[in-house]
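The sequence and coordinates are shown first.

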Amino acid sequence: MADGEPGEAFELGRTCAMAAECRRDLRRCAQMYGALFPPAAFDNELYTTLTLATAFSAPWATADRLKVVNRAALWVLAVDRLVDHTATTREQVNRLTRECLSVADGAVPRSAVTRFLADLRDELATVKEFGDLQWLWRDQLARMLAGMSRAWVWRDTQVMPTLDGYLVNADSRGSCFVDLSHWIYTADDWAKAHLEDLRAVSRQVQRYLHLLGDVASYRKDMSWGDLNILGLGVSRAEVTDAMAGLAREAAQLIEPVREHSPRTASYLRRQIGFNAGFTGISDHGRPA
């Protein structure tokens, strides 16, 4: 394929085709786990958005190599819905947490959500390094579930966390858990040997995405009664300034990764760039 516009157009078309193939895989997953993915909450737009985000974050990959990152992201959305819209008591949230962590440790699943998690765990186990990295994956899963539980309590008790406190709880978004799953499954040797360091970078990107997601979903969150930073007494200007600072800090953390693992660095930068562009909200502080 020629360079210039034709070559660029070819790559864009290839990436969109890969996203479409990934979307078909996620639709099959949704059918496998039945009621976990009600069509009203998981429509075509959601699958399209999710798979476009992963495809454009790693356009050099194949659909098969993006299988885990897409499925992990879909699983996080399913858990988030169970916590935010299904659980009515703190004990229900705690029970879900216990069951998920038990399955992450190897227990037999007893529900659709834990069966999906067990299948994800088993797919990761096909990678030889997973035995040594499972503790890190499990630890980030626990952080994510603890963050979701904390957010549930904030909403239930009408606590108004500060902007800083809200960002400390950004693990509730789950993107760092998704990143770790992806890297365990597909990353190069350097990245797999430095996942603890990369998790710190991923969590910084996650803080940015946490605020970006809230700005993008503000009206929907308010209509559902969900927690949203703009509904906690923090102004849009404060959020925009915080996002710019977080993006700059993330770029500084990502830059040293480029020398050792260019695609890992590109994946993280592209997450910020694609999501900012897709929502059309802001590109403040976006890495070059």
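The points below are grouped by topic.

The model is predicted. Helix 6 (residues 130-157) packs with helix 10 (residues 195-216) and with helix 8 (residues 175-186), while helix 10 also approaches helix 13 (residues 262-279).

**Helix 6 itself**
- Its 28 residues should span 40 Å at 1.5 Å a residue, and the end C-alpha atoms of helix 6 are 39 Å apart, which agrees.
- Glutamine 158 follows helix 6 and has a positive phi, near 60°.

**Helix 6 with helix 8**
- The two axes are 9 Å apart, and the packing angle is about 165°.
- Because angles over 145 degrees count as roughly antiparallel, helix 6 is roughly antiparallel to helix 8.
- The crossing of helix 6 with helix 8 is left-handed.
- Helix 6 contributes Phe130, Leu133, Leu136, Trp137, Gln140, Leu141 and Met144, and helix 8 contributes Cys176, Phe177, Leu180, Ser181 and Ile184.
- By class, this contact between helix 6 and helix 8 comprises 10 nonpolar and two polar residues, with no charged residues.

**Helix 6 with helix 10**
- The axes of helix 6 and helix 10 come within 11 Å and cross at roughly 25°.
- That angle makes helix 6 roughly parallel to helix 10, and their crossing is right-handed.
- On the helix 6 side the contact involves Leu133, Trp135, Leu136, Asp139, Gln140 and Arg143; these meet Leu195, Glu196, Arg199 and Arg203 of helix 10.
- The contact of helix 6 with helix 10 holds five charged residues, four nonpolar residues and one polar residue.

**Helix 10 with helix 13**
- The axes of helix 10 and helix 13 come within 10 Å and cross at roughly 5°, which makes helix 10 roughly parallel to helix 13.
- Leu198, Val201, Ser202, Val205, Tyr208, Leu209, Leu212 and Ala216 of helix 10 meet Thr264, Leu268, Gln271, Ile272, Asn275, Ala276 and Thr279 of helix 13.
- The residues of this contact between helix 10 and helix 13 divide into 10 nonpolar and five polar, with no charged residues.

**Aromatic pairs**
- With ring centres within 6.5 Å as the criterion, the count comes to nine aromatic pairs.
- Tyrosine 33 and phenylalanine 116 have ring centres 4.3 Å apart and planes at 15°, so the pair is stacked.
- This pair links distant parts of the chain, 83 residues apart: tyrosine 33 lies in the loop between helix 1 (4-32) and helix 2 (44-57), and phenylalanine 116 lies in helix 5 (residues 112-124).

Key. Residues are numbered from 1 along each chain as its sequence is written. This is a predicted model: local features need pLDDT of at least 70, side-chain atom pairs count only at pLDDT 80 or more; totals for chains, interfaces and linings use all residues. Side-chain values use heavy atoms; hydrogens and water are left out. Axes are lines fitted to C-alpha atoms, for helices over the stretch in contact, and angles run from 0 to 180 degrees between N-to-C directions. Helices (H or I, at least four residues) and strands (E, at least two) are DSSP runs, numbered from the N terminus. Angles under 35 degrees count as roughly parallel, over 145 as roughly antiparallel, 65 to 115 as roughly perpendicular and the rest as oblique. A crossing is left-handed if the near helix is turned anticlockwise from the far one by less than a right angle, and right-handed if clockwise. Contact means heavy atoms within 4.5 Å. Ala, Val, Leu, Ile, Met, Phe, Trp, Tyr, Cys and Pro count as nonpolar, Asp, Glu, Lys and Arg as charged, and the others, Gly among them, as polar. The expected span of a helix is 1.5 Å times one less than its number of residues. Rings of Phe, Tyr and Trp (its six-membered ring) pair if their centres lie within 6.5 Å; planes under 30 degrees apart count as stacked, over 60 as edge-to-face and the rest as tilted.
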